[in-house]
Structures are given as structure tokens and as C-alpha cells.
Amino acid sequence: MFSYAGFIWTLVGLLMLASLAVLPFADGEAAWSWAFLYPASALLLGGLTTWRVARPRTYVTLTLQDGGVVVLLGWIVCCLAATWPFLSILDLTFTQALFETVSGFTTTGLSVVDVTTAPKVVLLWRSLMQLAGGAGLAIIMLAAIAGPAGTSLSGAEGRSDQLAPHVRSSATLVLVIYSAYALAGSLAYRIAGMEWFDAVNHAFAAISTGGFSTRPESIGYWNSSEIELVTIVLMILGNLNFVTAYLLLTGKWRSVLKNGELRFSLLLFLAAAGLLFWFVTHHGYTGLGKQVRVALFEAVTAATTTGFSTVGYTGWPAIGWLVMLLLMLVGGGTGSTAGGIKQYRVYLLIKSVWWEIKRALLPRGSVPAESIWMGERPKFIDDSDLRRTTCFVTLYLACFTLGVGIMVAYGYPLRESLFEYASSIGTVGLSIGITSADAPPAVLWTQIMGMFLGRLEFFIVFIAALHAGRIVLPIISRRKRPARS
């Protein structure tokens, strides 16, 4: 089981080395290479050793609990190792460095780094973390290895849908689609007017719905309708379920048009953009073009949990904040790179209300068969599906409330706390100023936990922690037990 965690460490070690590719184009930054070589070497050594020593001689089928332990262990070690460049180059505290790392791998995009002074190698590393986190560390690993561990590992990262009958083929297809998005996005940004370095970084961040930018003003730095259009397209692609994207690419339009989550997503985008236009941008910005651009861009960036921005929100009326808050809580598409409660779950709960109304009007003894179209076929919904969805949403909102309460206890206004923690737990990345290097460590740790739980979807973290305890505690107790004379 632990051999798979070692493989994840190896992949992240290689990813750290890949960030050094920018050094020939960054004057005076070669001296910082050691800040990546040391942790990358440690991950490679530890990962390859663990892979070789702990690798089973025959393929072992992992349970979802085992997959959760692998994913949890892989993420924790990688996040800790990835703090080193921030600690050594930017002189951040451990809490700040861990915050930036977790924000990267969870594709949140909240940041405590001053991007105006950060070296290019650090900026690229941030974008690579989001690119890897968006695809899923387990998905990347599954594309490289074979075996029956795949379903449990991809399920542990919230990616249970498959594009092909075999898990490895499915993971490979996901990476091919994802890589094509990133390449096309980089070219589109360059054509739209960005320099190559900015284009590559923003393509990685957009397609992963991450939101890290090389500019403090984010996408608003360019004030370009062409760049905003490219960003909107990439954010929507990142928000698409990979199965839906595959159906689109293979020309299966009928199945795509029947997809309930996709229709709900489009309705959400249009309704949110309309509300923002009517109540916020129509009165707050000059020129119809600017008003439409701001309304559409901010609605899409919040609904896809990307976190890019073109304007600030401090001067917005309360209705604008409410729309953005609800979008961040609902989140993006299931089986995509986005976070939040997920549009499928919200759509399912809305449909369940309608089903209950219909059921009350049916003749006594009728047993309706309710379904939602997913992929190429309808998925029939039973009470267990609704129970799991309700439990997840309840837990999500409970953790959201707790996080907001901690922020309020530290003296932040309620409205700002609601916005900032919805952005944290939904892995969105939009900020109204609470997230900064000056924020109290306890607030940053609260956000770290929110980002981590939000990305790995709560239950798998709790299940993995309990399962790991079952494995480790008996070993510890046996060692502590005194030897019989």
C-alpha cells in the first residue's frame, strides 16, 4: 500500500526539478536552484526507496480506505517538502510557506507571496503545483502504473468517473485532455498579448481552476477583453467533468445535451452574470462593454472556483457579495479540477425536492424510478445517494460555519469572514484582503485545514485518518507491551 505513496513522492520530486527549466531565461536566479534540488532529491530518494521496498510482489487490490491512506500520506509529505523553496528563497515562516503550498496543490489560489518580488522560478513552481493538483496526484500516478489499485486511489481524490474500461487508460486519457488544454491555453494567451512566461503560468492556473497569477492585479492587470475571453474559456473547460469533455471531443453531443449537471452549470453562469450586471456592474462601471465583461468574468471565476479577478470587491453592494458567496459555496463540476460542494450535488438536492412533490401526488403504492443523466446513460438515484449527498453538504456547511466563527473571533467582520472562508474551503482563491502575510497564524491554519478538507472532500480524510490509526496503533501497542519473562 505505502509503495503507491512513494510513487507520488517521486512524481512531485520530478515536478520540482521541472520548475528549474525557467532558469536559463531568468537572469541571476541560478543561485536558487539548490532550494529545489535538496527537497526534490529527498522526495526522489524517499519515494523510489519506498516504492522498491514496499512494492508488493503481486498486484494487491486496495480498498477505498487503503486508497485514502495513500492519498493522504502522499499529499501531506509532498506539501511539507514543497515548503522548502518558500522558506529558503522568500524567507517565509513555516505557516506561511505551508499555506502557499497547500493553496497550490489544492488549486485554491489564495496567496501570502508578494509576486512583484518573487523570482520566476518560484512563480513557475506555484503554477506547476496547481497544474499537478488540478489533475490529481493519484491520477498522474495511475497513468504511469498499472494494477487494480486505481479505482480506490482515484476515488480517494474525488475522481470516481472513468473515461475508459481500464483505470490506467482512463487516467491516461484525462492527462492527454488536460495537457492539451494547457498547451492550447498557453498559445491562446500568447496570441492574446501575454508574454510567454505569463502565458504559461496563467494557462496552468486557469485550466487547473487554481488562480495563482504572476501579477498582483491578477487578470485585471492586462485590462484586455481578449485575455479575459481566453481565461473564461479555460476556466469553463477546467470546470467540465472529464467524462463530459471526452464526450464532447468524440462528438457525442446528444449525451452532453442530456447532462443535467451541465445544464444546471450553464444556467448558474447566466443567472449569476445577469444578477451581477443588473445590481452591481451596471451601476458601478462605465461603458456597457466593461459592465458585461466584469459581470461575466467574475461570475465564471467564482462558479468554477478558479479565483482569477479583474476588479476588487470592496466597493460592491451586498447583493454582489451574496451572489459571489453562493457561487463559491456551490462550486464547480463533479469530476473536474474545481472545488466547492459541487454543482452535481446541488442539482441532485434541487431535483430531490421536485421528486418529493411529485411523489406526494402519485397514487398510493407507486414506486417511481428517479434518474439523472450522467455520461452516456441515466443514473438511477436511490435513498442512499441522497443520504450521502445530504451528509456531505451538512458536513461542508458545518465546517464552513466553524471556520467563519474562528475568523470572526479574531476580529474580522462577518461579511468579510464569510467571503474569505467560502473561498478557502471551496478552493476558490478570491480574496477581499484577509489572506495576507500579516494574517494571524491561527487564521492561516484555519484556512489551511479548510483548503485541505475541501480538496479531498472531507470523508476521505476522516476515513483515511481512522484507517491509518487502525494500522499504526496496534503496532505501537505491541512495541510498548513488556516482554514476558
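This is a predicted model: local features need pLDDT of at least 70, side-chain atom pairs count only at pLDDT 80 or more; totals for chains, interfaces and linings use all residues.
Residues are numbered from 1 along each chain as its sequence is written, and side-chain values use heavy atoms, with hydrogens and water left out.

**Overall make-up**

The chain holds 21 helices and two strands. Helices (H or I, at least four residues) and strands (E, at least two) are DSSP runs, numbered from the N terminus. Of its 485 residues, 55% count as buried. Buried means under 20% relative accessible area, exposed means over 50%, and partly exposed lies in between (1.4 Å probe, protein chains only). Among contacts in the chain with a separation of 6 or more, 72% join residues 24 or more positions apart; contact means heavy atoms within 4.5 Å.

**Two partners of helix 14**

Helix 14 spans residues 260–284 and helix 16 spans residues 318–330. The table gives the axis values for helix 14 with helix 16 and with helix 17 (residues 343–361). Axes are lines fitted to C-alpha atoms, for helices over the stretch in contact, and angles run from 0 to 180 degrees between N-to-C directions.

| Helix pair | Axes come within | Crossing angle |
|---|---|---|
| Helix 14 and helix 16 | 9 Å | roughly 165° |
| Helix 14 and helix 17 | 9 Å | roughly 95° |

The axes of helix 14 and helix 16 cross at roughly 165°, which makes helix 14 roughly antiparallel to helix 16. Angles under 35 degrees count as roughly parallel, over 145 as roughly antiparallel, 65 to 115 as roughly perpendicular and the rest as oblique. Residues of helix 14 in this contact include Phe264, Leu268 and Phe279, and those of helix 16 include Ile319, Gly320 and Met324. The contact residues divide into twelve nonpolar, one polar and no charged. Here Ala, Val, Leu, Ile, Met, Phe, Trp, Tyr, Cys and Pro count as nonpolar, Asp, Glu, Lys and Arg as charged, and the others, Gly among them, as polar.

The axes of helix 14 and helix 17 cross at roughly 95°, which makes helix 14 roughly perpendicular to helix 17. Gly260, Glu261, Arg263, Phe264, Ser265 and Leu268 in helix 14 meet Gln343, Tyr344, Val346, Tyr347 and Ile350 in helix 17. This contact divides into six nonpolar, three polar and two charged residues.

**The nonpolar core**

A nonpolar core is a set of buried Ala, Val, Leu, Ile, Met, Phe, Trp, Tyr and Cys residues joined through side-chain atoms within 4.5 Å. The largest one has 142 residues, of which Phe36, Phe86, Trp125, Tyr189, Tyr313 and Trp316 touch the most other members. Helix 6 (residues 120–135) gives the largest share of this core, ten residues. Leaving out residues up to four places away in sequence, Tyr313 touches Glu298, Phe308, Trp321, Met324, Phe419, Leu430, Ser431 and Ile432.

**Single residues**

Val300 lies in helix 15 (residues 288–303) and counts as buried because its relative accessibility is 1%. Beyond its neighbours within four places in sequence, Val300 is in contact with Ile232, Met235 and Ile236. Val300 and Ser265 are 35 residues apart in sequence and 10.0 Å apart in space, C-alpha to C-alpha.

Ser417 is placed in helix 19 (residues 414–425) and counts as buried at 0% relative accessibility. Leu45, in helix 2 (residues 34–54), counts as exposed at 60% relative accessibility.
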